[in-house]
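Please open the model in your viewer and keep the selection panel at hand.

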Amino acid sequence: MAHLESVQDRITLRNGYGIPCVGFGTWKMPDGEVGLDALHQALADGYRHIDTAAAYDNEATVGKALAVAGIPREGLFVTTKVWNTDRGYDATLKAFEESRKKLHLDYVDLYLVHWPAAQGPEGQWQQTNADTWRALETLYVDGKVHAIGVSNFKPHHLEPLMDKAEILPMVNQIELHPGCNQKATREFCDRNDIVVEAWSPLGSGRVLENQLLIDIAASYGCTTAQLCLRWCLQRRAIPLPKSTDAGRISENARIFWFDITDEDLQRIDGLDPLGQSGLDPDTVDF
Ligand code: A2P
């Protein structure tokens, strides 16, 4: 990964498109004033990569914040995702258009399949993912999205999709934080030139009381949250921290002044399972 100095520095995807190395997460960010304030704060702190989804129900707020920010479109990077109820070719194309309109954008930078279809008769879920993926390929070829990828896909979901794909996924966004290091999926993605993004990089706040992380953070003079985000970056993943607090939004962008040593990276890798959401793509019921 190239040397990174700010949240705006970009990592190059396999198709040559650049993605800013830290994104602002918006899951559970309320639609309306609270969300708008958080987004204004994030943009003021330098974030240029905003991660939303149809299911977060806040695309309109993201669109509103970006419209008044006065930042040239090419300086921004916006991701959204197709929800599970809109899987399949036609439904995905329709869902994309609804998201694009809410976002008030001509194009979306990155469009993701939010969760794999993974249950039901063998062969059927793979076909559903292939049909959804074909819609993303169409959007990409038509220039309506500049990059395409998946979210919450394990290697056994990615493999059949990649077998049938004409354009391979460029990104996989997964739950990733200390205590959920996703080694197998990260290694698969590395081997296949798929950039990993980390959702809940702070374990939704659940990992911040861990004594090992607190002690390691103290040795660098950073906060525990900054340590978690830096660990993601040094493990070649793009963290997507979210916060509605001005101080914490800004704290989460300041992770470029220290390096975690290999030894400490490995101590963090070795943490027992901690702070996990419990959402397993193979069994989730949504
Ligand atoms: P808040 O919005 O009050 O800051 P994740 O991105 O892993 O899902 O974590 C998000 C949760 O962690 C939110 O509850 C957020 O609360 C909290 N959070 C975000 N940044 C920090 C930080 N720097 N320190 C402590 N808690 C944080």
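Select helix α7, residues 211-220, where Leu-213, Ile-216, Ala-217 and Tyr-220 are buried (buried means under 20% relative accessible area and exposed over 50%, with a 1.4 Å probe and protein chains only; helices are DSSP runs of H or I, at least four residues, numbered from the N terminus). These residues lie on the same side of α7 because they cover an arc of only 100° around the axis, taken from the directions from the helix axis to the C-beta atoms. This is a predicted model, in which local features need pLDDT of at least 70, side-chain atom pairs count only at pLDDT 80 or more, and totals for chains, interfaces and linings use all residues. Residues are numbered from 1 along each chain as its sequence is written, and side-chain values use heavy atoms, with hydrogens and water left out.

On the face turned away from the buried side of α7, look for the exposed residues Ala-218 and Ser-219. Just after α7, Gly-221 takes a positive phi of about 75°.

Now select the ligand, which 16 residues surround, the closest being Leu-202, Lys-242, Ser-243, Arg-248 and Asn-252 (a residue is near if one of its heavy atoms lies within 4 Å). A polar side-chain atom of Lys-242 lies 2.4 Å from an oxygen atom of the ligand, and for a side-chain N or O atom of Arg-248 the distance to a ligand oxygen is 2.5 Å.

Technical notes. A polar contact is a pair of N or O atoms within 3.5 Å; within protein, one must be able to donate a hydrogen and the other to accept it, and residues adjacent in sequence count only if both atoms are side-chain atoms. Helices (H or I, at least four residues) and strands (E, at least two) are DSSP runs, numbered from the N terminus.
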